[in-house]
Amino acid sequence: MTPKAATMLALALALSISDALWAQAGIPTLSVTVSDPSGAAVPNTTVSVKNLSTGQSIEAHANASGEYTVSGIIPGDYEVSAAAEGFGIKTAKVSITAGEKQTVNLVLTAVSPTGAPSLGDLGFTPAQAKGSAQDQARLDKRSHMLKTHQRLGLITAAPLLATLISSGGAKGKNGSASGRELHAALGSITAGMYLTTASFAIFAPKIPGTTVRGPIRVHKALAWIHGPGMILTPVLGALAYDQRSRGEKIHGLAQAHAPVAAVTGIAYGLAILSVSIKF
Amino acid sequence: MQILTLAFLAVFGPPALWGADTQWVLEKSTLTYHVSHPLHQIDGVSHSARGKGVCHVGQCDFLIAVQVKSFDSGDSNRDLHMIQVARGAQFPLVTVRVRLPESAASQSTINADLEIEFAGQTAHYQQVPFQLTTQGNEAHIMGAIPAKMTDFKIDPPSLLAIPTKNEIPVKVDMSWRQQ
């Protein structure tokens with residue numbers, strides 16, 4: 001018997017013995033699974049297993065589940081390929097060692113009947129070509145919240161400006177009780193609207209894998225100034241209000257109310273400009 | 001008789017070349033969309049397009065695809081907003097299909113009929129001119145696709161409650177290699 005005939009006989013015998021027996025005996029086994037990009041089995045698939053050192057190959061049809069198993073395969077390097085009508089050929093290389101069970105999954109991509117290239121030909125995986133309605137919904141929600149943030153931010157600029165202007169009637173020689181009341185009321189409205197505006201940006205869904213680039217970095221950095229400023233300003237303002245109401249001159253921490261308010265107002269204005277003007 | 005055979009071969013060429021398929025592969029590309037807003041002029045650039053052309057019996061079918069998220073306008077917030085309005089998470093790829101006669105490779109201007117899939121919609125652009133320069137197996141194509149957002153049912157994005165213009169022309173600069 002020639003070596004080639006002996007090998008073919010060994011392969012034929014191997015195929016006639018059940019997989020379970022081979023597995024129990026620790027004999028090398030090669031399992032090939034063929035599917036389409038959705039994971040569904042491809043019927044009538046021809047599977048070819050070629051020994052790369054001897055050049056000998058065997059060819060068979062996968063079962064209805066797209067599976068084909070070669071048990072008792074001789075250890076070595078093999079080229080496994082699968083082909084089916086309407087699909088391209090898929091090839092993979094595999095090394096079989098003694099006593100090992102190897103599994104090869106081959107995903108066949110459909111080919112156009114006209115021969116026109118497909119997305120698979122361009123190297124796009126099904127996952128890259130397929131979108132996610134869930135991710136789109138997250139983006140939609142994010143955009144909706146940030147649009148609201150923008151609009152409220154612009155609207156908040158009005159009471160903020162009014163609060164700054166009304167400060168003239170709340171302090172110094174021209175200051176009066178009614179002026180302080182007005183200033184405090186406008187300040188409260190500003191603080192309330194500001195916190196609402198900020199919450200739409202803070203709680204907008206985050207998109208994983210996004211690196212912050214461009215003017216939005218300046219916008220976010222400025223929030224670290226006007227954010228704490230918008231909390232401190234009313235607190236310091238309340239202290240100043242109490243002191244003035246008791247007829248005292250503003251002293252201590254309350255003296256920082258006006259400077260903190262000015263820095264906060266400037267940072268807020270710059271934050272709006274940072275996303276409005278290209279630089 | 002031998003003369004007749006030689007004449008036949010001279011006219012029809014070697015049988016191996018009849019209907020022989022050739023392929024083109026996109027080597028390098030720059031796609032740039034332009035969006036106009038009263039406060040901003042925005043250019044989003046992608047170098048990530050992939051493309052392939054298959055020529056068979058005198059006709060070439062080209063497919064170019066690019067991920068929506070690969071466009072960079074220099075501002076991550078704006079890019080995410082563009083992906084959102086273009087429904088890029090649900091439809092992550094822009095694809096362009098075009099069929100050209102193989103003889104187009106010898107012309108300096110190609111007028112191409114484009115089929116573009118974007119944002120889950122398909123739009124057709126007829127006779128879009130592209131400048132073509134060829135050198136050996138390389139072909140360089142430049143042009144602009146006169147796209148509009150409404151062609152793909154996209155609502156123009158807005159900044160500070162002001163919407164952008166509807167036009168979103170896409171400049172194309174591609175280098176192809178014949179295989």
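**Two chains, question by question**

Me: In chain B, what share of the contacts with a separation of 6 or more comes from residues 24 or more positions apart?

Reply: This is a predicted model, where local features need pLDDT of at least 70, side-chain atom pairs count only at pLDDT 80 or more, and totals for chains, interfaces and linings use all residues. Residues are numbered from 1 along each chain as its sequence is written, while chains are lettered from A and ligands numbered from 1 in the order in which they are written. Two residues are in contact if their C-beta atoms, placed from the backbone, lie within 7 Å, and the share for chain B is 57%.

Me: And what is the make-up of chain B, in helices and strands?

Reply: Helices (H or I, at least four residues) and strands (E, at least two) are DSSP runs, numbered from the N terminus. Reading chain B from that end gives α-β-β-β-β-α-β-β-β-β-β-β-β. The count for chain B is two helices and eleven strands.

Me: How much of chain B is buried?

Reply: A residue is buried if 20 or more other C-beta atoms lie within 10 Å of its own, exposed if 12 or fewer, and partly exposed in between, with C-beta atoms placed from the backbone. For the 179 residues in chain B, the buried part is 32%.

Me: Which residues of chain A is Ala65(B) in contact with?

Reply: Let's set aside the neighbours of Ala65(B) within four places in sequence. In chain B, its contacts are then Ala49(B), Arg50(B), Leu93(B), Val94(B) and Thr95(B). From chain A come Leu119(A), Leu122(A) and Phe124(A).

Me: Why is α2(B) described as largely enclosed by the rest of the structure?

Reply: The buried residues of α2(B) include Asn77(B), Leu80(B) and Ile83(B). Those buried residues pack against α4 and α6 (216-245) of chain A together with β2 (40-46) of chain B. α2(B) is largely enclosed because its buried residues number nine of the ten.

Me: Which element gives the most to the side of chain A that touches chain B?

Reply: The contact takes 33 residues from chain A and 26 residues from chain B. On the side of chain A, α3 (126-129) and α4 are the elements that give two or more residues. With nine residues, the element that gives the most is α4(A).

Me: How do the residues on that side of chain A divide by type?

Reply: Ala, Val, Leu, Ile, Met, Phe, Trp, Tyr, Cys and Pro count as nonpolar, Asp, Glu, Lys and Arg as charged, and the others, Gly among them, as polar. On the side of chain A that touches chain B, the division is 14 nonpolar, 13 polar and six charged.

Me: Is Ala158(A) buried, partly exposed or exposed?

Reply: Ala158(A) lies in helix α4 (residues 133-166) of chain A. Because 13 other C-beta atoms lie within 10 Å, Ala158(A) is partly exposed.

Me: In what sense do β1(A) and β4(A) pair?

Reply: On one side, β1 (residues 29-35) joins β7(A) in the parallel sense over seven bridges, with Leu30(A) opposite Gln102(A). Thr33(A) has Asn105(A) as its bridge partner in β7(A) and stands opposite Glu67(A) in β4(A). Over five bridges, β1(A) and β4(A) pair in a sense that is antiparallel.

Methods:
Two strands pair if DSSP finds at least two bridges between them.
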